[in-house]
Amino acid sequence: MSETVLWWLRRDLRLADNDALAAALAGGRRVVPVFVLDPALLDGPRSSPTRTAFLLGGLRALDDDLRARGSRLVVRRGRPAAELARLLAETGATAIYAEDDHSPYAHNRDDAVQFDRPLRLVGSAAVRPPGTILKANGQPYTVFTPFSRAWLSLPLPDPTDLRPAPAALPDPGDVAGEPIPDTPVLPPAVPFPPGEAEAQRRLQRFVDEAIAGYDDTRDRLDLDGTSRLSPYLRFGMIAPRAAVVAALSARGVGPGAARWLNELIWRDFYIHILEHFPHVTRQSFQPARRDVVWRNDPDDFAAWRDGQTGYPVVDAAMRQMAQSGWMHNRARMIVASFLVKDLLIDWRWGEQWFMRCLVDGDPAANNGGWQWTAGTGTDAAPYFRIFNPVTQGRKFDPDGDYARRWLPELAGVSGAAVHEPWRLSPAERQAAGLVLGRDYPLPIVDHAVARERTLAAYGGR
DNA sequence: TGAAATGTTGGGGCG
DNA sequence: ACGCCCCAACATTTC
């Protein structure tokens, strides 16, 4: 019998362009594909039933893809190191192959895998793994623009660098596993069918239809101008390298492709930041910003969380996330600015709530985004950059369609006036069938007042 | 990957 | 014709 190895999947749920799979297969070995359901992740304080449901759907899709090629997915549950130890004993495997994963939790998890047979980390969840982009003095970048310049100066991938999915896979043999759980169920309102095939279709559709206009429409809340690939990138249902190749190939269509590539470089940037500065999960990247006196009013937090702040663009976005598991990136900045700078609530409260809701919730990107908004992070928005929720709504949802889509109680208010319902005349409110304070809240804070309060709290004056 | 306050300019109304 | 004022539009500064 030929040699056996384990292929341990974590966040690379795909067969195409999977370096770890290719390395496991080298030499014609028997490969046992393994996924370990890790209770520390699935039931932790930062877990999300929606994201778990998406993951389980991805496992099902992967299992189908494996079975179509003569293999199957072995699913176990427990502490990964313990389950892998059992699997090595049961299969006689001589090595474990996995794609490198870079969060602090991932490193601890992988460091616990210490056996007489090696864990070989091949490839990366980043396009360019941490450590490969450093300043001349060997230090990591902490500012995005020079980071991206260095990122782009390295050899760029092209289509020939992408490995096709193997047409056939070896039979993993008789290895015990548990059925893929059927709960939690992905709510029908979540518009992300899991799986590698869907991820590839979306990338293709985005490149064909939307990437040319991405530079103009990416910030529009009311349009479908983004790729909506984030959940798939989060779980590696598509290789980030494949997304980069697609962006590079589309450069001829206009500035949109370069802009989207820039977003993919931001993704790598925050993976690197988390790798080099793991303390950012617990506190501000910038020591000078650790002494902000947060108000942390629980009622304000509840209003924000539930989409009941009285600012329609904020509330629409929070309800979009609660119902669909996803939020437009512009809206993420708006609601984050509102929580941190209008309500003066610790950004970590918002960061955790996002992790509990988002299908694409990812520690690096989520932490980076929150610290950016809070003005506490690398290359962050300055403390005095405070979004005006009305201005943002009028600018990026100019007809009010996004607000009305998620706030049925405002359906009777037409146009951009929906962004400040408290300014409607009594006659207009009556015509819209709207009683403020009953159907929809009055603003929980006056933005102008809140802004002054935050400028003072951040030590501006 | 802001917004508000403040400053400047230039056209038009008007005495 | 001229100065004065108002104010919108734009630019700059400040938070």
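## Surface at DNA strand B

A residue is near a molecule or strand if its C-beta atom, placed from the backbone, lies within 6 Å of that molecule or strand. The structure is a predicted model, in which local features need pLDDT of at least 70 and side-chain atom pairs count only at pLDDT 80 or more, while totals for chains, interfaces and linings use all residues. Residues are numbered from 1 along each chain as its sequence is written, and chains are lettered from A and ligands numbered from 1 in the order in which they are written.

The residues around DNA strand B are Phe144, Trp266, Ala381, Phe384, Arg385, Ile386, Phe387, Asn388, Thr391 and Gln392. Six residues of this surface are nonpolar, three are polar and one is charged. Here nonpolar covers Ala, Val, Leu, Ile, Met, Phe, Trp, Tyr, Cys and Pro, charged covers Asp, Glu, Lys and Arg, and polar covers the others, Gly among them.

## Helices α6 and α11

Helices (H or I, at least four residues) are DSSP runs, numbered from the N terminus. The axes of helix α6 (residues 144-153) and helix α11 (residues 255-276) come within 10 Å and cross at roughly 105°. α6 is therefore roughly perpendicular to α11, a term that applies to angles of 65 to 115 degrees. Axes are lines fitted to C-alpha atoms, for helices over the stretch in contact, and angles run from 0 to 180 degrees between N-to-C directions.

On the α6 side, the contact is made by Phe144, Phe147, Ser148 and Trp151; α11 contributes Asn262, Ile265, Trp266, Asp268 and Phe269. Two residues are in contact if their C-beta atoms, placed from the backbone, lie within 7 Å. By class, the residues of this contact are six nonpolar, two polar and one charged.

## Helix α14

Helix α14 (residues 329-342) has 14 residues, which at 1.5 Å a residue should span 20 Å; the end C-alpha atoms are 19 Å apart, in agreement. The expected span is 1.5 Å times one less than the number of residues.

Twelve of the 14 residues of α14 are buried, so this helix is largely enclosed by the rest of the structure. A residue is buried if 20 or more other C-beta atoms lie within 10 Å of its own, exposed if 12 or fewer, and partly exposed in between, with C-beta atoms placed from the backbone. Among the buried residues of α14 are Arg330, Arg332, Lys341 and Asp342. The cover over the buried residues includes α12 (298-305), α13 (312-324), α15 (347-357), α16 (363-374), α17 (389-396) and α20 (447-457). Leu344, which follows α14, has a positive phi, near 55°.

## Two alanines in helices

Ala243 lies in helix α10 (residues 240-249) and is buried, with 24 other C-beta atoms within 10 Å. Leaving aside neighbours within four places in sequence, Ala243 is in contact with Leu203, Leu229, Leu233, Ile238 and Leu264.

Ala258, in helix α11, is partly exposed, with 16 other C-beta atoms within 10 Å. Ala258 and Tyr214 are 44 residues apart in sequence, and their C-alpha atoms are 9.4 Å apart in space.

## Loop geometry

Thr183 and Pro184 are joined by a cis peptide bond, with omega about -5°. Pro184 lies in the loop between α6 and α7 (196-210).

Asn296, in the loop between α11 and α12, has a positive phi, near 50°, and is a residue other than glycine. Asn296 is exposed, with 12 other C-beta atoms within 10 Å. Phi of Asp379 is also positive, near 50°. Asp379 lies in the loop between α16 and α17 and is partly exposed, with 17 other C-beta atoms within 10 Å.

Terms used. Angles under 35 degrees count as roughly parallel, over 145 as roughly antiparallel, 65 to 115 as roughly perpendicular and the rest as oblique.
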